[in-house]
Amino acid sequence: MGLIGTLEPLVVFLVASSTILCGLMAGLFFAYSVSVVLTLDTLSASSYTRVMQSINEEILNPLFGVSFGGAIIVPTVGAFLVFIEGLWTALFGQLFLAGTVIYLVGTAGVTLLVSVPMNNTIAGWSIESPPTGWEEVRARWKRWNHVRTVAAFISFVLYVVATLSLSASFVEPF
């Protein structure tokens with residue numbers, strides 16, 4: 001057995017899967033930040049409300065659910081194994097744990113504790129008569145979207161480097 005022992009295939013699978021899932025989410029949030037958010041800034045109160053309500057309904061689909069949930073569950077299980085097996089002392093383990101913490105707090109946490117409550121508030125707005133102060137909600141939503149985008153990107157980079165480091169640990173010297 002290599003560095004990891006009997007859990008080697010499972011840990012490799014979880015680290016690689018976490019990288020892919022986090023990459024999907026980082027890409028989604030990045031694309032949203034550099035396109036949709038810019039468009040939302042140009043809309044009137046009624047148009048903003050209608051578009052956000054539509055986006056927030058359409059995003060709740062099975063593919064997003066699997067990707068978003070998987071990007072939380074898979075690295076959490078991987079981090080648990082890395083921790084209990086003492087693999088946190090290896091470079092890949094440290095990078096993977098750091099990426100997982102950043103993702104869970106900065107991306108999943110921000111989404112669940114900040115973005116979703118704001119989305120629920122927006123869902124209750126009247127399209128014909130959005131509330132005064134809607135611009136503050138839009139600006140706050142935009143700021144927090146950028147936070148989760150940056151966190152997802154940092155996590156993705158850490159996962160990629162962890163994967164490369166893990167791969168290097170399996171290479172036998174000549």
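This section describes the fold, helix packing, salt bridges and nonpolar cores of a predicted model. Local features were taken only at pLDDT of at least 70 and side-chain atom pairs only at pLDDT 80 or more, whereas totals for chains, interfaces and linings use all residues. Residues are numbered from 1 along each chain as its sequence is written, and side-chain values rest on heavy atoms, with hydrogens and water left out.

The chain contains 5 helices and 0 strands, where helices (H or I, at least four residues) and strands (E, at least two) are DSSP runs numbered from the N terminus. The order of elements from the N terminus is α-α-α-α-α. Along the principal axes, the C-alpha atoms occupy a box of roughly 70 × 25 × 20 Å. Of the 174 residues, 42% are buried; buried denotes under 20% relative accessible area, exposed over 50%, and partly exposed in between (1.4 Å probe, protein chains only). Contacts were defined by heavy atoms within 4.5 Å. Among contacts between residues at least 6 apart in sequence, 81% join residues at least 24 apart.

Two packed helices are described by the angle between their axes and the distance between the axes. Here the axes are lines fitted to C-alpha atoms over the stretch in contact, and angles run from 0 to 180 degrees between N-to-C directions. Helix 1 (residues 8–40) packs against helix 3 (residues 62–84) at an angle of about 140 degrees, with the axes 8 Å apart. The crossing of helix 1 and helix 3 is left-handed, that is, the near helix is turned anticlockwise from the far one by less than a right angle. Helix 1 contributes L10, V11, L14, S17, S18, L21, C22, L24, M25 and L28 to this contact, and the residues from helix 3 include F64, F68, V74, P75 and L81. By class, the contact of helix 1 with helix 3 comprises 16 nonpolar, 5 polar and no charged residues. In this classification Ala, Val, Leu, Ile, Met, Phe, Trp, Tyr, Cys and Pro are nonpolar, Asp, Glu, Lys and Arg are charged, and the others, Gly among them, are polar.

Helix 1 also meets helix 2 (residues 45–58), the axes coming within 10 Å and crossing at roughly 145 degrees. In this contact Y32, V36 and L40 of helix 1 face Y48, V51, M52 and I55 of helix 2. The contact of helix 1 with helix 2 has 7 nonpolar, no polar and no charged residues.

The structure holds 2 salt bridges, each defined by a side-chain nitrogen of Lys or Arg within 4 Å of a carboxyl oxygen of Asp or Glu. In the pair of D41 and R138, the closest N and O atoms are 3.9 Å apart. Because D41 lies in the loop between helix 1 and helix 2 and R138 in helix 5 (residues 134–169), this pair ties together parts 97 residues apart in sequence. The closest N and O atoms of K142 and D41 are 2.6 Å apart. K142 also lies in helix 5, so its pairing with D41 ties together parts 101 residues apart in sequence. Through shared partners, D41, R138 and K142 form one network. D41 is partly exposed at 30% relative accessibility, K142 is partly exposed at 26%, and R138 is buried at 15%.

Nonpolar cores were defined as sets of buried Ala, Val, Leu, Ile, Met, Phe, Trp, Tyr and Cys residues joined through side-chain atoms within 4.5 Å. The largest core has 28 residues, of which V11, V15, M25, V82, F92, F96 and Y103 touch the most other members. Helix 1, helix 3, helix 4 (91–123) and helix 5 each supply at least two residues of this core, and the largest share, 8 residues, comes from helix 1. A second, separate core of 13 residues includes A45, V114, W125 and W141.
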